[in-house]
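Please keep the sequence and the structure in view while reading.

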Amino acid sequence: MKYPFLDLGEVNAPYMDRMAAAAEKVIRSGRYIGGEEVALFEQELAALTGTHHAVGVSNGLDALRLILRAYVEMGRLSKGDKVAVQANTYIASFLAITDAGLTPVPVDVDPVTLNIDTARLEERMDSGVKALMAVNLYGRVAWDDRMRRAVERNGWLLIEDNAQAIGARSPLAGIGGGHVAGSLGHAAGMSFYPTKNVGALGDAGAVTTDDAELAETVRALANYGALKRYDNRLCGFNCRLDPIQAAMLRVKLSYLEEENRNRLRVAEAYERSITNPLVIKPLMAEATDSCVWHQYVIRVGEARRDELKRYLEEKGVGTDIHYAVPPHLQPCYRALHHDPLPITERLAGEILSLPIAMRMTSGEPEEIAGIINSFG
Ligand SMILES: *Cc1c(COP(=O)(O)O)cnc(C)c1O
């Protein structure tokens, strides 16, 4: 494959020496749970997002489910409460909600931004919804004026699923006044799964928030329910971030801007060069930093997506689909009641993710675009 969709060995190769040195330091330290690397990573992540607190955890799903479980422990949410969530998200957003004993209310999406249709949130006011999980899907910030109005009028808790948009900035200030994804709502879950814009060498995640009580409750829940040894206030779990992953992430975090700039450069080249009328290209944000291009997702009409995918594969271009089956159509959510979700269901058959994370030399995105343009 001349243009693999993603080759993580290649993505991490430029950081090899620094990662190896950081790993050696952890191995020699003899400290393999918690400690300095985790604390420093948390400080650096809090500084990057502009939040008062960051808590390293085991993965992105755990980050989201610990936030919701903490809100239940704190009495801010009750079992059975409804949580509105973007219908075309990765299933982890839904799983976090059901894990905490809450009920997902999938909301259909805007076919242009591919994020939650914020006009539909206003229809949800007074419907018993208590919280909103806003997903910054494909790297694009979901927060806007209408979302702000719905959240403020209803007193909803706003949880950002920020697994895909680390480093993105919103033109509109968030609830706490910050502009960085991960600080826009009351709390955010991050994922450092290897394919994310900042990827660990395994599973890792974090919670960011300005709320000290929430941060403390999440930290306790992730550590057997205890902040001090043998003082188990809550029935918790073991969902901690490993120091070896924290050390890898500290290396990667220092290159985030460069990585995100690279993704933007590829997206801009695709935008200029893809001209096939069968293809709808993703929206180029007005503010170039409000999308960090976790995925570059085109839409292919006339039921020809799978045909284009096969064509590109034959021509040496790897692609992927994020996501082929929306969560509400998965067998585990058979019993979930929901409104019709026609846009989400249609998009699932039209979307195709092009290579974006690989370091491409100039001319390469144009070459991929040329292959797409030759499909007819
Ligand atoms: C990756 C991802 C998650 C889950 O993160 P993991 O670290 O893989 O558990 C949740 N939500 C979205 C939108 C994601 O892309």
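A molecule is said to sit in a pocket if more than half of its atoms lie within 2 Å of the grid points of that pocket. In this predicted model, the ligand sits in the largest pocket. The points below describe the surroundings of the ligand and then turn to the cysteines.

**The ligand and its surroundings**

- The ligand is surrounded by 14 residues, and the closest of them are G60, D161, Q164, S191 and K196.
- A polar backbone atom of G60 lies 2.7 Å from an oxygen atom of the ligand, while Q164 places a polar side-chain atom 2.7 Å from an oxygen atom of the ligand.
- K196 also has a polar side-chain atom by the ligand, at 3.0 Å from an oxygen atom.
- On its own the ligand has 380 Å² of accessible area, and the protein covers 92% of this.

**The cysteines**

- A search of the whole structure for disulfides finds zero.
- A disulfide requires two cysteine sulfur atoms within 2.5 Å, but the sulfur of C235 is 14 Å from the closest cysteine sulfur, which belongs to C239, and this is therefore too far for a bond.
- Seen from C239, the closest cysteine sulfur is that of C235, at 14 Å, so this distance is too far for a bond.
- C235 is exposed, with a relative accessible area of 70%, whereas C239 is buried, with a relative accessible area of 2%.

Technical notes. Residues are numbered from 1 along each chain as its sequence is written. This is a predicted model: local features need pLDDT of at least 70, side-chain atom pairs count only at pLDDT 80 or more; totals for chains, interfaces and linings use all residues. Side-chain values use heavy atoms; hydrogens and water are left out. Buried means under 20% relative accessible area, exposed over 50%, partly exposed in between (1.4 Å probe, protein chains only). A residue is near a molecule or strand if one of its heavy atoms lies within 4 Å of it. A polar contact is a pair of N or O atoms within 3.5 Å; within protein, one must be able to donate a hydrogen and the other to accept it, and residues adjacent in sequence count only if both atoms are side-chain atoms. Accessible areas come from the Shrake-Rupley method with a 1.4 Å probe; for residues, only the protein chains shown count as cover. On a 1 Å grid over the protein atoms alone, a cavity is a set of points where a 1.4 Å probe fits but cannot get out, and a pocket is an open set with protein on both sides within 12 Å along at least five of seven lines; lining residues have an atom within 4 Å of a point.
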